[in-house]
Amino acid sequence: MTASDNFVRPGEADWTPTEPGVKRRILTYNDQLMVVEVAFEEGAVGSLHRHPHIQASYVAEGAFEVTISGRTEVLTKGQSFIVPGDEWHGCRALEAGVLIDTFTPMRAEFLAN
């Protein structure tokens, strides 16, 4: 995949499994920003992790228990969260759902999959 066009057609992107019950697809990106759709089955976990990128996420569908730096909140459709760079974070899908994650700068390691 090369840097995206200015217009997004998600149906053209491939899904990549990441953890049991979790898959992602890159919607669009350039060197400074990446937008990723992440789908979760009910009960699936996005393990605690950290990365240097700033992450902002929007709950497009479902309900999630989100933990950032030891603080946990339940978020539902239409709500969002932001993760500063290098902060530990993760989530658990309380029901099947979708997150729209944005990263700055873009996640180059996602392109290797």
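This is a predicted model: local features need pLDDT of at least 70, side-chain atom pairs count only at pLDDT 80 or more; totals for chains, interfaces and linings use all residues.
Biologist: Is Ser57 buried or exposed?

Modeller: Ser57 is found in strand 5, a strand being a DSSP run of E of at least two residues, numbered from the N terminus. Relative accessible area (1.4 Å probe, protein chains only) under 20% is called buried, over 50% exposed, and in between partly exposed. Because its relative accessibility is 3%, Ser57 counts as buried.

Biologist: How far apart in space are Ser57 and Phe81, C-alpha to C-alpha?

Modeller: Beyond its neighbours within four places in sequence, Ser57 is in contact with Gln79, Ser80, Phe81, Ile100 and Asp101, contact meaning heavy atoms within 4.5 Å. Ser57 and Phe81 are 24 residues apart in sequence, yet their C-alpha separation is 5.4 Å.

Biologist: Which strand gives the largest share of the lining of the largest pocket?

Modeller: On a 1 Å grid over the protein atoms alone, a pocket is an open set of points where a 1.4 Å probe fits, with protein on both sides within 12 Å along at least five of seven lines, and lining residues have an atom within 4 Å of a point. The largest pocket has a volume of about 360 Å³, the space filled by probe spheres set on the points, which are joined across faces, edges and corners. Of its 24 lining residues, the closest to the centre are Val38, Phe40, Gly46, His49 and Asp101. The largest share of the lining, six residues, comes from strand 8.

Biologist: Into which classes does Phe40 bring an aromatic pair, stacked or edge-to-face?

Modeller: The whole structure has two aromatic pairs, with ring centres of Phe, Tyr or Trp (its six-membered ring) within 6.5 Å and planes under 30 degrees apart counted as stacked, over 60 as edge-to-face and the rest as tilted. Phe40 in strand 3 and Phe64 in strand 5 form a pair that ties together parts 24 residues apart in sequence. Phe40 and Phe64 are buried. Their ring centres are 5.0 Å apart and their planes stand at 75°, so the pair is edge-to-face.

Biologist: At what angle are the ring planes of Phe103 and Phe110?

Modeller: Both Phe103 and Phe110 are buried. Their ring centres lie 5.7 Å apart, and the pair is edge-to-face because the planes are at 85°.

Biologist: What is the phi of Asp86?

Modeller: Most residues other than glycine have a negative phi. Asp86 lies in the loop between strand 7 (80–83) and strand 8 and is partly exposed, with a relative accessible area of 45%. Although Asp86 is not a glycine, its phi is positive, about 65°.

Key:
Residues are numbered from 1 along each chain as its sequence is written. Side-chain values use heavy atoms; hydrogens and water are left out. Helices (H or I, at least four residues) and strands (E, at least two) are DSSP runs, numbered from the N terminus.
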